[in-house]
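We will go from ring to ring, one selection at a time.

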Amino acid sequence: MALVVAAVVAFVLFTSARGIADFFTDYLWFDSLGRTDVWGGVLVARITLAAFFSGLFFAILLVNLWVADKIAPTFRPSGPDDELLRRYQDVMSRRAWLVRVLVAGGTGLLAGVSMATHWEPWLLFRNGSTVGSVDAEFGMDLGFYLFQLPFIGIAIDWLFASLIIILFITGVAHYLNGGIRLQSPIERVTPQVKAHLSVLIGLLALTKAVDYWFDRYELVQSTRGAVRGATYTDVNAQLPAIYLLTIIALLSFVLFLVNIRRRGWVLPLVAVGLWAFVAIVAGAAYPAFIQRFQVEPARSEREAEFVQRNIDGTRAAFGLDEVNTLPFEGYTTSVEAGREAVLANADTIRNVPLLDSSQVLQTFRRLQATREFYRILGLEVDRYQIETPDGERDTTPVVVGTRELNLDGIPDRSWENQHLVYTHGYGMALAPSNVTTSNGQPDFLIRGFPVDVDTGAIDVELDRPEIYVGQDMGGFAVVNTNRDEVNFVNDDGSIQTTRYEGREGVEVGSLPRRAAFAIRFADWNLMVSGLVNSDSKMIFRRDVRERVEFVAPFLSVDAETYPVVADGRIFYIVDAYTTSDHYPYSQTADTRGLDSASGLNHRFNYVRNSVKAVVDAYDGTVALYVMGEPDPIIDAWRATFPDLFADVSEMSAELRAHIRYPMDLFQVQTAMWGRYHIDDPREFLESSNEWSVAPAAPSTAEALPGGLAAAPPTTQAGQTLIPTQNNPNGGARSSRINPYYQILQLPDDPRPTFMQIRTYVPVSERETDSSGSQLLTAFMVANSDPDGDYGKLTVYEMQGLTVDGPRQMAARVQANDTIAREISLLQGRGSEVSFGDMMMLPLDNTIMYVWPMYVASQQAQVPELRFVIGVHGERIVMERTLREVIDRLFEVDVTTFEREGGPEEDPSLVGDIDEDRPIGADPEDPDATTTTTTSTTTTTTTVPPPATDGEPPADMAELVARVTALLEQAEAALREDGDMAEYQRLVREAQALLAGSGQLAATPAGADGDGPSG
């Protein structure tokens, strides 16, 4: 017997080894971070729920099985199944209690364990408090809906399902005891059994009555009407039906009890039949009739009150109740107004982010992740204090990417190399987004191996560039072993090593711990490797988002994590959210367009970005900082885990300066505001003034409206339609423009601020993204200033103004013959053309669009900023730099970060582009005219060649003489002095004169080469 028991114990331990190892190593991981309060708190909540509901189920079922045995008949009439039942009684009569306990315990355990998964609503139920606001229908505090009602509903559903299971098991027990004889010719159910079952069925009816009572509160989440919430039909038809069903359920309970002393089942059957009839007629048919014949014909009248509740509830739930809505006043496109606006908004112009993070990612990878075992997964947008052209330091936008460890790129992928030698990423690449080098590449201020920080330009230090915890890092690393770790490889191929000096990490020196991790990762090298010693530590869960999700499993995590250099090391900041699907009268979030990795990709109707998680890339420590915005849900979690959170005021000043408004939240808010900017219920129902997030401008030349040789946008019924390859008449689907970060000084703002912006156009057909009018109707901005109006949302409405949206602006740009020709020439000469965000710059009372254009060699695939397209009113220009664009549009010289110099151009990284050829000129005929006009309007818009010093030639004779002289001077400079720079300058001047001759011939006398300014 002892051997059998030992064998059973060994089998259980063997089959449970992985679970035990995971349990133990999870505890060690939380302990290494000092977060056993979360591990223990969640575990205790799970055990409490499982134990309580298992015990409750066990007790109820055990009592019923005992009663079933007590009232079993002593005389059992014979029947066809009598022999089988007699054998059962002979076997079980001496083990009755054992059978009851085993049956009740086994089913109770299964029923109780299922409740352990509901630990989140249980903890909120226990620790949630009142909000101080009440719902419009029942007058209940909102805390009741957020904290109490969800768990009450779960508990009632569990009880009802449990009673059904108990009723079934009890019925089987009565059958086995002879109290129920299905084939008996006399009495099939004894009176005692009938009484017992009547009580159980009555309890089911009573539970359902309680369920109905709380179901009425769920009407504030109803989706029957025009909006989510208790609408006209719910309040005037469904709610009375629920009250009636509650009364009938209570009546049924009484009748089942009365039926104990009566013969037959007539009364209960009548009650159940009446119940079913009322449920069908009053609970379903009558509300449907009211909705169809009273509400639908007069929806604006019947639903107005309830739609107003939904508008108010949705705005409050999504943080849209304090949006500051302003008109964009005094709009003009005159050159004079534009010039004044540019001068007044010099900081905005200087900080235009010309480097688009999605476009230059490959450039960063090629230039700054030169080793196979490093990778730059993505680029993020941030801002730092950087030296400006006037010598001062000011807030400047940057793009930044960290070099993560690429396990697939490790040379000689031995176990030792993968887990002991190549253990971490190294450093980052950071470049201002408002400047490039002379060859269009990023001007890196943090770069290289070892990490090189241009401290003259940026005021940061990076003493700990190692990244043990980063983005999308899997597997595990063992540090402090008998092997040095590779830190980086120098340009000469020599290897720089390091040793981990962080406090965090799970100690793995002892044999039990090594065995536990070996089982967890199914890797027995941990047990046998002689390189692992008593000081070694295990680092796992190396992905930043995963760490935050485990430390705070009740929070939803943003898809974006962005690195920050602060206090001499790299940190990742992660935005975390509290959400709920139980906010009264709030619409379900529109999550279309969110990244699939976003934690907000689930159903919710309430959200707050209450937590900023900060993860140290070196030692993996996680700190959670609570923002100051009121949020009852985060208050409940702080009450549950008081040591887990800190106030944002406790964050270091360096880190705090990099807080930004989260991308995912802003996407949801802007999507919801497209409809919920309407505050009049009747206008809301008409949807005539609804907005849609603007379709994005194309990012590649092939995706430009109409292809490379675009025809002008066609118009129909006064609306501009975007032609595409699939639908030349317009109306093809296109993605919505993503929010993007800019440093802007909005009207009435005292200073420029780092913020997000997203634009709107009118809604046309619901499912056709790019059909209908693409005129700009409004734009929303979100303030990211942690020391100012952080989180403030402002909407500027273009009331009655005619301003092109991003997609329509892209069509206008492509319709410009000069630009279309330039793109065609570049695209057809071994290069690929792509575009950054179509950025809208609100400048006082005017609007300017800036569209960066990148060119990449098809061989190297490294995009470089080559041109900047600027649009103001009807004027469209394309130049090499933003400074030249501003000069051409507004005839004013501005200060930007763009400057000459930088590294020498690598011919392998760029296409065959003639930097000196005038824009639009054929490479075979550089003297060809560059004069073109847009065909979108009757106004002429031209892109002339670069200007030359002095007056233009009066006639062809003077032109020939001047060009000949310049070429002779150039030849002399090269032959006599060897001055290549002077030679190139004189040749460029001659080429410009020749190009200008074409412009002169193509332009009627008296015409302005730039066209009217509008």
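Rings of Phe, Tyr and Trp (its six-membered ring) count as a pair if their centres lie within 6.5 Å; planes under 30 degrees apart are stacked, over 60 edge-to-face, and the rest tilted. This is a predicted model, where local features need pLDDT of at least 70 and side-chain atom pairs count only at pLDDT 80 or more, while totals for chains, interfaces and linings use all residues. Residues are numbered from 1 along each chain as its sequence is written, and side-chain values use heavy atoms, with hydrogens and water left out.

Start with F373, Y374, Y422, Y426, F449 and F488: ring pairs link them into a cluster. By the pairing rule, the count comes to 49 aromatic pairs.

Next, select F57 and W158, an edge-to-face pair at 6.5 Å centre to centre with 65° between the planes. F57 lies in helix 3 (residues 36-70) and W158 in helix 7 (residues 142-177), so the pair ties together parts 101 residues apart in sequence. Helices here are DSSP runs (H or I, at least four residues) and strands likewise (E, at least two), numbered from the N terminus. F57 is buried at 1% relative accessible area, and W158 is buried at 9%; buried means under 20% (1.4 Å probe, protein chains only).

Now move to F328 and Y796, also edge-to-face: 6.5 Å centre to centre, 80° between the planes. F328 sits in the loop between strand 1 (324-327) and helix 13 (335-344), and Y796 in strand 28 (residues 793-797), so this pair ties together parts 468 residues apart in sequence.

Conventions:
Buried means under 20% relative accessible area, exposed over 50%, partly exposed in between (1.4 Å probe, protein chains only).
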